Amino acid sequence: MWDVSAHVGQLVTILIMAVALGLDAFSLGIGIGMKGIRMRDVLRISTVTALFHIIMPLIGMYTGKYVSSLLGDITTYAAGGLLVLLGAHMILNAFREGDTKLVDHRSLLGVILFSLSVSVDSFSVGVSLGMFSSDLVLTVLAFGVCGGVMSVMGLLLGRRVSQNMGDYGEAVGGAILLAFGLLFIF
């Protein structure tokens, strides 16, 4: 017999986790959007973020079937370290003369680093879910959709705010990324 309440409970749990994981993409998207961003870049960054929000928990779920909770702290520290580096880089670039930048949020490396930093926690959640019997397709699609949509919302909000902040938008955005990175580490 099909237990409706168990499936509804699992759906609600997965959606809450997807929204919670998408909040990283939203809040960090604000920081990137404050640098000033074109719509084309918003769509590209959000699409890659959505893909990473699908791939990372999928890898995590398969890993969780074979490995216990050894990786939880390591992935959190890695995410925090990436964010601290990205945030510090943005702050330095805001006050640096000239146009030389090590990582541009519009470059392939910048998009991948951003997407990886907001999706790494999806991996550790996937590891946990892999230890239980969770609906694989529903989980990764919910994570991907929420990650992508919330990334678009954050980037657009940051873009809107940056229009009022001028040249200091990149420094403020970097400070936001740096703060979130430190929160992950500590």
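Biologist: What does the accessible surface of the chain come to, and which share belongs to carbon and sulfur atoms?

Modeller: Accessible areas come from the Shrake-Rupley method with a 1.4 Å probe, and for residues only the protein chains shown count as cover. In this chain the accessible surface comes to about 9700 Å², and 72% of this surface belongs to carbon and sulfur atoms. The model is predicted, so local features need pLDDT of at least 70 and side-chain atom pairs count only at pLDDT 80 or more, while totals for chains, interfaces and linings use all residues. Residues are numbered from 1 along each chain as its sequence is written, and side-chain values use heavy atoms, with hydrogens and water left out.

Biologist: How many helices and strands does the secondary structure of the chain come to?

Modeller: Helices (H or I, at least four residues) and strands (E, at least two) are DSSP runs, numbered from the N terminus. Here there are six helices and zero strands, and the pattern along the sequence reads α-α-α-α-α-α.

Biologist: Which residues does the UniProt annotation "transmembrane region" cover?

Modeller: Such positions are given in the numbering used here, feature names are shortened, and annotations may be inferred rather than shown by experiment. The unreviewed UniProt entry places "transmembrane region" at residues 12-30, 42-62, 74-95, 107-130, 136-156 and 168-185. In the model, residues 42-62 are 100% helix and 0% strand, with end C-alpha atoms 30 Å apart. Residues 136-156 are likewise 100% helix and 0% strand, and their end C-alpha atoms lie 30 Å apart.

Biologist: How is burial read, and what percentage of the 186 residues count as buried?

Modeller: Buried means under 20% relative accessible area, exposed means over 50%, and partly exposed lies in between (1.4 Å probe, protein chains only). Of the 186 residues of this chain, 45% count as buried.

Biologist: Which residues of the largest nonpolar core touch the most other members?

Modeller: A nonpolar core is a set of buried Ala, Val, Leu, Ile, Met, Phe, Trp, Tyr and Cys residues joined through side-chain atoms within 4.5 Å. The largest such core has 15 residues, of which I32, I37, I45, M56, F114, V118 and L155 touch the most other members. Two or more residues of this core come from each of α1 (4-33), α2 (39-64) and α4 (108-130). A second, separate core has 10 residues, including M61, V125, F143 and C146.

Biologist: With which residues is L155 in contact, leaving aside its neighbours within four places in sequence?

Modeller: Contact means heavy atoms within 4.5 Å. With those neighbours set aside, L155 is in contact with G29, I30, I32, G33, I37, V42, I45 and S46. For the chain, among contacts between residues at least 6 apart in sequence, 92% join residues at least 24 apart.

Biologist: Where is V19 found, and how far apart in space are V19 and G147?

Modeller: V19 is found in helix α1. From C-alpha to C-alpha, V19 and G147 are 7.6 Å apart in space, although 128 residues separate them in sequence. Beyond its neighbours within four places in sequence, V19 is in contact with C146 and M150. V19 counts as partly exposed, at 38% relative accessibility.

Biologist: Which pairs are separated by 90 residues along the chain or by 15 residues in sequence?

Modeller: A88, placed in helix α3, and L178 are 90 residues apart along the chain, with C-alpha atoms separated by 6.3 Å. D104, found in the loop between α3 (72-95) and α4, is 15 residues from H89 in sequence and 9.8 Å from H89 in space, C-alpha to C-alpha.

Biologist: How many salt bridges are counted?

Modeller: Side chains of opposite charge can pair when their charged atoms come close. A salt bridge is a side-chain nitrogen of Lys or Arg within 4 Å of a carboxyl oxygen of Asp or Glu. By this rule the count is two. R38 pairs with D41, the closest N and O atoms being 3.6 Å apart. D41 is buried, with a relative accessible area of 1%, whereas R38 is partly exposed at 45%. R44 also forms a salt bridge with D41, and here the closest N and O atoms are 2.9 Å apart. About one helical turn separates R44 and D41, because they are three residues apart in helix α2. Through shared partners, the salt bridges join R38, D41 and R44 into one network.
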